[in-house]
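Here is a short briefing to read beside the model. Have the sequence and the 3D view open as you go.

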Amino acid sequence: HPLLGRDGETLALDVAWDGAVDAADLLVVSSGCHGIEGYCGSGLQRALLADAEFRTEARRAGVAVVHLHAP
């Protein structure tokens with residue numbers, strides 16, 4: 001992002017795409033957008049990425065998952 005944050009910091013966004021790039025459906029899971037909820041959202045993202053059954057079933061259903069995390 002070309003602009004700096006409120007305190008002059010560089011803005012960044014971590015992105016993890018899980019699934020086919022041409023998936024029929026997309027689930028977006030975001031965290032860290034406003035502050036304190038980032039801890040819970042990050043925990044959820046880590047759990048989903050570690051859950052092999054969830055990932056397999058999502059792919060089987062034609063769903064890709066994109067995880068967005070503002071560090």
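**Salt bridges and surface**

Arginine 59 and aspartate 18 form a salt bridge, with their closest N and O atoms 2.6 Å apart; the term means a side-chain nitrogen of Lys or Arg within 4 Å of a carboxyl oxygen of Asp or Glu. The pair links distant parts of the chain, 41 residues apart: arginine 59 lies in helix α2 and aspartate 18 in strand β1. This is a predicted model, where local features need pLDDT of at least 70 and side-chain atom pairs count only at pLDDT 80 or more, while totals for chains, interfaces and linings use all residues. Residues are numbered from 1 along each chain as its sequence is written, and side-chain values use heavy atoms, leaving out hydrogens and water.

*The network*
- Arginine 55 also meets aspartate 18 in a salt bridge (2.7 Å, N to O).
- Shared partners join Asp18, Arg55 and Arg59 into one network of salt bridges.
- Aspartate 18 is buried because its relative accessible area is 8%, buried being under 20%, exposed over 50% and partly exposed in between (1.4 Å probe, protein chains only).
- Arginine 59, at 45% relative accessible area, is partly exposed, and arginine 55 is partly exposed at 26%.

*Elsewhere*
- The whole structure has four salt bridges, including one between arginine 6 and aspartate 7 (3.5 Å, N to O).
- Both arginine 6 and aspartate 7 are exposed.
- Valine 21 counts as exposed too, at 76% relative accessibility.

Terms used
Helix = DSSP H or I, 4+ residues; strand = E, 2+ residues; numbered from the N terminus.
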